[in-house]
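Visitor: Please show me how to read a model like this one, feature by feature.

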Amino acid sequence: MRTVLQARAMKAAVVVFPGSNCDRDCKVAIERSAGARVEMVWHQETALPDDLDLIVLPGGFSYGDYLRCGAMAAQSPVMKEVVTAANNGVAVVGICNGFQVLTEVGLLPGALLRNAGLKYVCKPVGLDIVNGQTRFTAGYGEQRQAVMTVGNGEGNYFADEETLDRLEGEGQVVFRYQENPNGSARNIAGIVNKGGNVLGLMPHPDRAFDADLGSEDGAVLFRSIFQSA
Amino acid sequence: MKATVHVFLKPGVLDVQGKAVENALHGLGWPSVKEARVGRVIEFDLDATDAEAAKAEVKAMCEKLLANTVIESYRIDIA
């Protein structure tokens, strides 16, 4: 069984919304860091490719951030399929705008508010890997810190106190900022759902998959997903 | 009928835009301004004759799309 699983080429889909701008980055990052096959899926699709190991909602400004970041994308036809796949246990990662979409569609709790400092923040940030036991972080092993770039105007994670306590209590907080760049509640940079198969994070692993980009820590995240698939 | 939906961040949710506007107004010589909040207004026509039924319909729209009730509250006016 094990050999059969390893023989099958790992497969990922990157959803492309109008206004996504990190979709290509995600494709290249996943191909180069994990050697997986990546299909681009237009948001109007009503079906996803078969046998997916990973679905990525990329960063960008889907629908021009109209109404609220991620609100319109959450209503895209393809999102029904993404929700179904997530409920069936397929790994889903929402990066930046993708994280916003995941909260808007209800796969992750909370919301992303305007940055406390009002400014768009674009810089590498130090992260603590709070939970190294998830399928997204198992590959970090003993490594407890990572560096990835953030680039967002609305990355200020918000949830009510009860939800935050629950997230922390259940080990759903996966990444925390070492220095909070945007006012996020409890320095939260990334969370997983209860089932542990849906990750939302504001920092970009897709901008940290090669030493030439300043960090390779994002590659570990992508590899980790396929190793645990 | 005309529906007007006002959406604001809930009390207790930091409204940084409101804060910035408030600070700007202070700087322009209106120090008495307090608790400025920035929200959004959505207007549309609705093919309906019964105000109560229209309101219920618009409420469903708010819950589904127009507001994110994790962070926002809304007010509906039907005229």
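The dialogue below goes from overall form to single residues.

Visitor: What should I know before starting?

Guide: This is a predicted model: local features need pLDDT of at least 70, side-chain atom pairs count only at pLDDT 80 or more, and totals for chains, interfaces and linings use all residues. Residues are numbered from 1 along each chain as its sequence is written, while chains are lettered from A and ligands numbered from 1 in the order in which they are written.

Visitor: How many helices and strands does chain A have?

Guide: Helices (H or I, at least four residues) and strands (E, at least two) are DSSP runs, numbered from the N terminus. Chain A has six helices and eleven strands. Its radius of gyration is 16 Å, close to the 17 Å that the globule rule gives for 229 residues, so chain A is as compact as a globular protein of that length. That radius is taken over C-alpha atoms, and the rule is 2.2 Å times the number of residues to the power 0.38.

Visitor: What pattern does chain B follow along the sequence?

Guide: The order is β-α-β-α-β, from two helices and three strands. For its 79 residues a compact globule would have a radius of gyration near 12 Å, but chain B has 16 Å. Its C-alpha trace spans about 45 × 25 × 15 Å along the principal axes.

Visitor: What share of each chain counts as buried?

Guide: Start with the cut-offs. A residue is buried if 20 or more other C-beta atoms lie within 10 Å of its own, exposed if 12 or fewer, and partly exposed in between, with C-beta atoms placed from the backbone. In chain A, 53% of the 229 residues count as buried. In chain B, 14% of the 79 residues do.

Visitor: Which residues touch the most other members of the largest nonpolar core?

Guide: First the general idea: in soluble globular proteins, nonpolar side chains tend to be buried together. A nonpolar core is a set of buried Ala, Val, Leu, Ile, Met, Phe, Trp, Tyr and Cys residues joined through C-beta atoms within 7 Å. The largest has 78 residues, and Val14(A), Val15(A) and Val56(A) touch the most other members. Helix α6(A) gives the most to this core, with six residues. Another core lies apart from it, with seven residues, including Val5(B), Leu66(B) and Tyr74(B).

Visitor: Which residues of helix α3 in chain A are buried?

Guide: An α-helix has 3.6 residues a turn, so residues three or four places apart point the same way. In α3 (residues 77-87) of chain A, the buried residues are Val78(A), Met79(A), Val82(A) and Ala86(A). They fall within an arc of 100° seen down the axis, so they line one face of α3(A). The arc is that of the directions from the helix axis to the C-beta atoms. Pro77(A), Lys80(A) and Thr84(A) are exposed on the face turned away. Among the elements covering the buried residues of α3(A) are β1 (11-16) and β4 (91-95) of chain A.

Visitor: Which residues of α2(B) are buried?

Guide: Val58(B), Cys62(B) and Leu66(B) are. They cover an arc of only 55° around the axis, which puts them on the same side of α2(B). These buried residues pack against β1 (2-9), β2 (40-45) and β3 (72-78) of chain B. Exposed on the other side are Glu52(B), Ala56(B), Ala60(B), Glu63(B) and Lys64(B).

Visitor: What is the phi of Leu67(A)?

Guide: Most residues other than glycine have a negative phi, and most peptide bonds are trans. Leu67(A) is not a glycine, yet its phi is positive, about 65°. Leu67(A) sits in the loop between β3 and α3 of chain A. Asn187(A), also not a glycine, has a positive phi of about 60°. Its loop runs between β9 (173-177) and β10 (188-192) of chain A.

Notes: Contact = placed C-beta atoms within 7 Å.
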